[in-house]
Amino acid sequence: MPRLGPTAIIGLLFTIVVMFSMKGEVIVSLPLDVLRIAIPLVVYFGVMFAVSWVVSWLFRFPYADTATQSFTAASNNFELAIAVAVGAFGIASGQALATVVGPLIEVPVLIGLVYVALWARRFFFRPDGTAKRKLAAVEIAG
């Protein structure tokens with residue numbers, strides 16, 4: 001199995017390159033469709049990150065664990081989605097387009113959320129990374 005690991009990554013990268021090359025014209029020619037795909041994705045990434053952040057903080061996870069959990073919750077497995085969409089619907093389908101647009105939206109949003117996590121750290125966590133018991137005027141039992 002260890003020998004097949006690099007082959008899977010190469011196959012995935014090849015698939016992504018092929019899909020971008022085949023869908024690039026569609027992405028440029030249908031900006032409203034791309035926007036229609038992008039808006040729910042941005043909302044999804046933000047909501048999943050925020051909910052996971054707050055729940056992790058309420059459970060008193062340290063900053064490193066809270067950030068890790070929040071980014072894991074917010075990110076998607078677009079690699080798997082690409083494989084399923086192409087296998088089930090074909091490379092020319094709208095579903096395949098959505099899986100190509102997904103990473104184009106996900107990467108910049110997650111980079112922005114890195115800055116949010118760094119900014120929010122000072123409000124939710126002490127300098128040593130442990131969770132604060134209070135957040136502004138809200139007292140949390142425990």
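Predicted model: local features only at pLDDT ≥ 70, side-chain atom pairs only at ≥ 80, totals over all residues.
These are my notebook entries on what I looked up in this structure.

**Entry 1: the overall layout**

I then checked where the confidence goes up and down. It is highest in α3, at 95, and lowest in strand β2 (residues 138-139), where the mean is 50. I'll keep that in mind for β2.

Next I went through the elements. I found five helices and two strands, and from the N terminus on they run α-α-α-α-α-β-β.

I also looked up some totals. The protein has 142 residues, and buried ones make up 29% of them. The exposed surface comes to about 9,000 Å², with carbon and sulfur atoms supplying 74% of it. Then I looked at contacts with a separation of 6 or more: 70% of them are between residues 24 or more positions apart.

**Entry 2: the core**

Which residues have the most contacts inside the largest nonpolar core? I noted W53, V101, I105 and F125, in a core of 25 residues. The elements that give two or more residues to this core are α2 (31-58), α3 (63-74) and α5 (94-124). The biggest giver is α5, with 10 residues.

I picked I105 to see what it touches. Leaving out residues up to four places away in sequence, I105 touches A38, L41, V42 and F45.

Is F45 buried or exposed? F45 has a relative accessible area of 0%, so it is buried, the cut-off being under 20%. Again not counting residues up to four places away in sequence, F45 touches A74, N76, F78, I105, E106, V109 and L113. I also took one distance from F45: A73 is 28 residues away in sequence, and the two are 8.3 Å apart in space, C-alpha to C-alpha.

**Entry 3: the aromatic rings**

I turned to the rings and found 10 aromatic pairs in the structure. One of them is W53 with F125, at 5.8 Å centre to centre and with 85° between the planes, which makes the pair edge-to-face. Why does this pair tie together parts that are 72 residues apart in sequence? W53 lies in helix α2, while F125 is in the loop between α5 and β1 (134-135), so the pair joins those two parts.

Both rings' residues turned out to be hidden. W53 has 4% relative accessibility and counts as buried, and F125, at 2%, counts as buried too.

I then followed the ring pairs further. They link F49, W53, W57, Y63, F71, F124 and F125 into a cluster.

**Entry 4: charges over rings**

Which residue has its charged end over the ring of Y63? I found R121 there, 4.3 Å from the ring centre.

I stayed with R60 for a moment. R60 is in the loop between α2 and α3. At 25% relative accessibility, R60 counts as partly exposed. I also checked its backbone: phi of R60 is near 65°, a positive value in a residue other than glycine.

**Entry 5: two more residues**

I looked at S56, which is found in helix α2. I wanted to know how covered S56 is, and with a relative accessible area of 3% it is buried. Not counting residues up to four places away in sequence, S56 touches F61, T66 and Q69.

My last stop was D65, in helix α3. D65 is partly exposed, with a relative accessible area of 42%. How many residues apart in sequence are D65 and G129? I counted 64, and in space the two are 9.5 Å apart, C-alpha to C-alpha.

Terms used. Residues numbered from 1 in each chain as written. Heavy atoms only, no water. Helix = DSSP H or I, 4+ residues; strand = E, 2+ residues; numbered from the N terminus. Buried < 20%, exposed > 50% of the residue type's maximum accessible area, 1.4 Å probe, protein only. Contact = heavy atoms within 4.5 Å. Areas by Shrake-Rupley, 256 points an atom, 1.4 Å probe, with all protein chains shown as cover. Core = buried A, V, L, I, M, F, W, Y, C linked by side-chain atoms within 4.5 Å. Phe/Tyr/Trp six-rings, centres within 6.5 Å; stacked < 30°, edge-to-face > 60°. Lys NZ or Arg CZ within 6 Å of the ring centre and 35° of its normal. pLDDT = per-residue confidence, 0-100.
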